[in-house]
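Open your viewer and get ready to click along. We will start with the whole chain and then go element by element.

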Amino acid sequence: MTPLRAGILAAVVTLVADQASKLWLLNVFDLARKGVVTVTPFFDLVLAWNIGISFGWLQNDSQAAQIALMAVKVIAVVALAIWMARSHTWLATIALGLIIGGAIGNSIDRFAYGAVVDFALFHIEIGGNTYNWYVFNLADVAIVAGVAALLYDSFLGIPAAKAP
């Protein structure tokens with residue numbers, strides 16, 4: 001298997017896992033009806049509709065803003081795909097595949113629902129105060145893992161991955 005095929009496989013697996021988890025949580029598990037579901041003392045399943053970008057930034061539900069956000073995502077995915085096609089390291093190529101798969105997964109949500117489906121919530125209680133992390137999904141996990149792997153490959157990998 002070539003690095004490019006591995007990157008494409010990473011993108012496809014990420015996309016399928018992301019969409020399958022969201023469809024299952026929405027339509028089979030019915031998370032919207034169940035509300036907050038405690039999984040562990042520090043992890044809950046909770047349905048959140050994110051109309052913004054990463055970490056809920058730029059929250060805007062106007063149609064023009066949503067179209068602009070989709071256009072930026074399309075351009076970003078195309079640029080990442082070009083970078084992936086030119087990459088020669090396994091780690092960078094797979095990392096780019098994770099980012100592409102996650103970006104496409106969240107874009108499908110935005111197109112289908114008008115917002116990204118987020119459902120995973122980590123939290124901790126210290127001194128009677130509860131501290132929550134941002135609610136996220138599997139696409140977000142793949143994007144963060146892909147960026148971390150790209151950073152590792154860029155700084156420590158040989159040869160370092162270079163963006164186009």
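What percentage of the 164 residues in the protein do buried residues make up? They make up 38%, where buried means under 20% relative accessible area with a 1.4 Å probe, protein chains only. Before you click further, note that this is a predicted model, in which local features need pLDDT of at least 70, side-chain atom pairs count only at pLDDT 80 or more, and totals for chains, interfaces and linings use all residues. Residues are numbered from 1 along each chain as its sequence is written, and side-chain values use heavy atoms, leaving out hydrogens and water.

Now switch to cartoon view. You will find five helices and four strands, in the order α-α-β-β-α-α-β-β-α from the N terminus. These are DSSP runs: H or I of at least four residues for helices, E of at least two for strands.

Next, select the strands. They form an open sheet, ordered β1-β2-β3-β4 with antiparallel pairing; strands pair if DSSP finds at least two bridges between them. Residues 37-40 (β1) and 129-132 (β4) are the edges: each has a single partner strand, so one side of each lacks a neighbour in the sheet. From one strand to the next, the twist averages 40°.

Zoom in on β3, residues 116-126, which is joined to antiparallel β4 by four bridges. Pick E125 and you can find its bridge partner, T130, in β4.

Axes here are lines fitted to C-alpha atoms, for helices over the stretch in contact, with angles from 0 to 180 degrees between N-to-C directions.

Notes: Buried means under 20% relative accessible area, exposed over 50%, partly exposed in between (1.4 Å probe, protein chains only).
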